[in-house]
Amino acid sequence: MRPNLNLISIVLTVRNEIENIADCLDGILNFQRPEHVKVEIIFADGLSEDGTYELLEEKSFQHENIVLIKNPNIYHLFGFNHAVKICKGDYVLWLGAHTFYPKDYLKILFDSATKHNTDYVGGIIETIPYDNTYEALAVQALTTHPFGVGNSGFRLGAKEGPADTASYGLYKKDIFKKIGYFNEKLIRCQDYEFNCRIRKNNGLVWINPNAIAKYKNQKSLFSFYKKQNLLEAPYNAYMWYIAPYTFAYRHAITGVFSTGVIGGIVLATFYPIIRIIFLSVMILYFLLALFSAIQQAIRYKKPLHILTLPICFFLYHFSHGLGIFSGLVRLATGTAPVQKH
C-alpha cells in the first residue's frame, strides 16, 4: 500500500551548464508525475560563470515550483546537502544537468520505491558521446564494455533488485535523518559511500534497469584520463580510508594492474623468469583488449576502434591505477585532502 505522499523534491546541482541546462529542464518539466503527487525542482548553482544562473533565475520566475539557491562551496555534494535540508518532499530525486531523462523516469523510480519500500532506488546510464568527434566516440566505447568498467551494473545494465549502487536515484528523505547526509570530505564518490552506508544500516538500495538516463561523457580522451587519474581514482582510495565498508574489488583492480606493470618492467630487467611471466600476462591483456575492441567496433560500427581501443583500454586502466596508487601514497604521508581538518 502506498504512503500518502504529496510532494517529491527534484534536486540538480549545477555549475556552468549553459549548453545542456535548458534541454535538461524541459525534460524534467515534462516528467510524468505519479497520481496526486506534486513536484518541486531545486537548483543549487555552484557560482556559474557562463549564464547558467541567470537562465535558471528566469525559469524560476516562469515556474512557481522551481527554487534556485546558490552553492558557494561549488562542489555538488554541498549543494545537494543544502537542498535536502530545505526541501519539502517525502522523496528526493538527485539528477545531473548534462544528463537526459525519459518522461517516465520519475514514475518508474517512484513506483519501485513505493512497491519495494526502498531507501534509495536508481536506474542505469546509457552513455552517449559528447559530440560526433572520434575521441568522444572512443570514450563512449571505453565506458560501455565490461573490460573497461568491470561489473558496474548501473553502466552496463542489471537485473532489477537490490544493488550496491545505481544512478540518478530517488532517496527516501527520512534516510538522511537516520544516517546523516553526504560526507562532505568526499567531493567524489559521495553517493557510492552514502549508498553503502544505507546498506550498512540495514536499508535497501534498489536498481531498476527500466529507468534509463542518457549521460554525456567527456568530450576528449585527455579530459577523460585526467578525470580518472586526478579525481575518480584517488577518491576511491580516500573513500576506503574514511569508510572501509565501501571497498569493492572493481575499484581496486586497476591499482593492482598499474603496480604490476611498473613492477614487471623493473623486475623483468633482472630476472628472466619474471620477464617471461610479465610478457605472457601483457600478451593476454592485449588479446582481451583486442577482443573487446572488436566487439565495440561491431557494436558502434566503427572499424577504427579495433586499432585504437586496445591502447585506450590500457591507458584507461593504467591512469586509473596510478590514481589509486597516488591516493594511497597521499594517505600514507598524511597529505590527502580528506585528512585535513
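Does Gln218 count as buried or exposed, and at what relative accessibility? I began with this residue in what is a predicted model, and I found that Gln218 counts as buried because its relative accessibility is 16%, where the cut-off for buried is under 20%.

I then looked up where Gln218 sits, and placed it in the loop that runs between strand E9 (205-216) and helix H10 (221-242). Setting aside residues up to four places away in sequence, I listed Tyr130, Ala136, Val139, Ser223, Phe224 and Lys227 as the residues that Gln218 touches.

Next I turned to the nonpolar cores. The largest has 36 residues, and I noted Ile10, Phe43 and Leu95 as those with the most contacts inside it; helix H4 (residues 105-116) gives this core its largest share, six residues. For Ile10, leaving out neighbours within four places in sequence, I recorded contacts with Ile28, Phe31, Val39, Glu40, Ile41, Ile42, Leu93, Leu95 and Leu106. Another core, of 25 residues, lies apart from the largest one, and I found Ile42, Cys87, Tyr120 and Ile198 among its members.

Last, I examined how helix H12 (residues 272-300) packs with helix H13 (residues 305-332), and noted an angle of about 125° with the axes 8 Å apart. The two helices, H12 and H13, are therefore oblique to each other, and their crossing is right-handed. On the H12 side I found residues including Met282, Phe286, Leu290 and Tyr300, which meet a set in H13 that includes His305, Leu309, Phe313 and His317. Sorted by class, the contact of H12 with H13 has 14 nonpolar and four polar residues, and no charged ones.

Notes. Residues numbered from 1 in each chain as written. Predicted model: local features only at pLDDT ≥ 70, side-chain atom pairs only at ≥ 80, totals over all residues. Heavy atoms only, no water. Axes fitted to C-alpha atoms, helices over the stretch in contact; angles between N-to-C directions. Helix = DSSP H or I, 4+ residues; strand = E, 2+ residues; numbered from the N terminus. Parallel < 35°, antiparallel > 145°, perpendicular 65-115°, else oblique. Left-handed = near helix turned anticlockwise from the far one by under 90°. Contact = heavy atoms within 4.5 Å. Nonpolar A, V, L, I, M, F, W, Y, C, P; charged D, E, K, R; others polar. Core = buried A, V, L, I, M, F, W, Y, C linked by side-chain atoms within 4.5 Å. Buried < 20%, exposed > 50% of the residue type's maximum accessible area, 1.4 Å probe, protein only.
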